[in-house]
Amino acid sequence: MRRGLEPLPPGIAERLDALHHELTSGGVTEFADAGADSELFAEATRPHLGKMWLNLPWFFAEALFYRRVLHATGYFGEGPLARVDPYAQAKQTELTPSEGLGRLSKVLEGLADEPEARMRQLLLASLWGNRVDLSYNVATALGAYQGNAASDLLIDDTGIVVQRLTASARKIALIADNAGTELLMDLALVRELLSLGKHVELHLKSQPTFVSDATREDFIGTLAYLEQTPGALQALAKALDAALDAGQLEAVTDLFYTSPWHYPQLPENLAGRFRGCELVILKGDANYRRLCSDAHWPHTTRFSDVVDYFPAPLVALRTLKSELIVGLPPGAAEQLSLEEPEWLVNGRRGVIQAWLP
């Protein structure tokens with residue numbers, strides 16, 4: 001368990017070993033620390049105490065595991081790793097000219113002059129940026145990020161989404177997924193929305209989870225990094241900084257985003273924020289799973305029938321990394337399975353899927 005991580009401060013190695021033993025040989029145990037969500041996870045875990053991890057609901061097990069990593073590394077303590085992101089080094093690999101920065105530069109260089117065409121380009125860049133996920137090695141077989149994979153777009157509601165986004169200047173919420181390449185693409189989209197006079201809320205994780213999920217600290221650090229990069233990237237950062245100072249852009253965090261709960265359990269404070277939105281943009285596979293309660297709906301189930309509880313119009317931008325999708329026409333899933341058996345989980349396909357009541 002500790003290979004490659006030595007030396008570790010006292011106590012951390014022991015807690016990591018205990019977590020490893022629990023995952024492989026023992027049942028779920030209680031834990032407590034100084035985190036603001038400690039009681040939330042304690043309450044959620046009580047019905048599962050003593051169970052083997054493989055017998056837990058899958059999304060709950062994932063959320064609990066990443067929360068337990070923070071506990072084991074002393075993230076909420078007072079030791080040398082207090083508030084230290086255990087995944088920071090991995091995230092930094094994306095902020096290089098050959099990775100995320102280079103990809104973003106190409107997107108910015110190729111933007112169209114016409115507003116609707118430019119918005120479509122940025123939505124697609126934001127979508128395909130979701131392929132780059134440090135917690136999911138399966139998608140790495142696709143190689144570098146590709147921004148022109150139109151044939152891999154299984155559901156394309158881009159047209160009606162672009163119309164909605166360019167029609168008026170109301171509030172937009174973007175619920176981010178990964179730091180690095182994906183967050184960079186999201187920031188380009190956010191700047192475009194700001195340029196149309198919209199108020200934008202960028203919803204981020206309040207603490208590290210799922211390896212590469214974007215925290216508020218990742219957002220602030222990314223802006224600082226871009227500000228040191230001359231040219232279009234620096235201009236992007238300055239525009240976003242100005243919007244933050246003016247209150248036109250807000251960085252929002254909430255414990256819900258690192259909780260084991262699904263979107264039907266959305267707390268009222270977030271639901272109230274969303275009710276005032278023209279559109280909520282949900283990024284990534286985990287948000288899609290939570291939107292659909294991580295349930296195995298028939299693939300032909302109408303998206304509207306699954307998400308009509310949500311308090312605002314929404315669009316999901318997601319590449320497929322789990323065995324869950326709704327809204328496909330009859331026969332589409334069967335044909336895809338014949339063409340590529342791993343189509344549901346390998347990150348190649350994506351959706352821009354809207355519910356606009």
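**View 1. Confidence of the predicted model.** This is a predicted model in which local features need pLDDT of at least 70 and side-chain atom pairs count only at pLDDT 80 or more, while totals for chains, interfaces and linings use all residues. Residues are numbered from 1 along each chain as its sequence is written, and side-chain values use heavy atoms, with hydrogens and water left out. The mean pLDDT (the predictor's confidence in each residue, from 0 to 100) is 92 for the protein, and 93% of the residues reach 70 or more. Residues 1-5 have a pLDDT below 50; beyond near neighbours in sequence, this stretch makes seven contacts in the model, a contact being heavy atoms within 4.5 Å. Where pLDDT is low, the predicted coordinates should not be read in detail.

View 2. Seven strands form an open sheet with mixed pairing, in the order S1-S7-S6-S5-S2-S3-S4. Strand S1 (153-156) and strand S4 (249-253) are at the edges with a single partner strand each, so one side of each has no neighbour in the sheet. From one strand to the next, the twist averages 15 degrees. Strands and helices are DSSP runs numbered from the N terminus (strands: E, at least two residues; helices: H or I, at least four). Two strands count as paired if DSSP finds at least two bridges between them. The axes are lines fitted to C-alpha atoms, for helices over the stretch in contact, and angles run from 0 to 180 degrees between N-to-C directions.

View 3. Buried means under 20% relative accessible area, exposed over 50%, and partly exposed in between (1.4 Å probe, protein chains only).

**View 4. Strand S3 between S2 and S4.** Strand S3 (residues 200-204) runs parallel to S4, and five bridges join the two. In this pairing leucine 202 is opposite alanine 251 of S4. S3 also pairs with strand S2 (residues 171-175) in the parallel sense, over four bridges. Here isoleucine 175 has histidine 203 of S3 as its bridge partner. Five of the five residues of S3 are buried. Val200, Leu202 and Leu204 lie on one side and Glu201 and His203 on the other, and both faces are covered.

**View 5. Aromatic pairs.** The structure holds 11 aromatic pairs. Rings of Phe, Tyr and Trp (its six-membered ring) pair if their centres lie within 6.5 Å; planes under 30 degrees apart count as stacked, over 60 as edge-to-face and the rest as tilted. Phenylalanine 59 and phenylalanine 210 are a stacked pair, because their ring centres are 6.2 Å apart and their planes are at 20 degrees. Phenylalanine 59 is in helix H3 (residues 58-72), whereas phenylalanine 210 is in the loop between S3 and helix H9 (216-227), 151 residues apart. Both phenylalanine 59 and phenylalanine 210 are buried. One aromatic cluster is formed by Phe256, Tyr257, Tyr263, Phe274, Tyr309 and Phe310.

**View 6. Leucine 56 in a loop.** Leucine 56 lies between helix H2 (38-45) and H3, in the loop. Leucine 56 is buried, with a relative accessible area of 6%. Not counting residues up to four places away in sequence, leucine 56 touches Val28, His48, Lys51, Ala61 and Leu64. The C-alpha atoms of leucine 56 and glycine 110 are separated by 46 Å, the two residues being 54 apart along the chain.

**View 7. Arginine 289 and aspartate 294.** Arginine 289 is part of helix H12 and is buried, with a relative accessible area of 6%. Leaving aside neighbours within four places in sequence, arginine 289 contacts Trp58, Phe59, Glu62, Asp294, Ser322 and Leu324. Aspartate 294 is in the loop between helix H12 (285-291) and helix H13 (303-307). Aspartate 294 is partly exposed, at a relative accessible area of 23%, and its phi is near 50 degrees, a positive value in a residue other than glycine.
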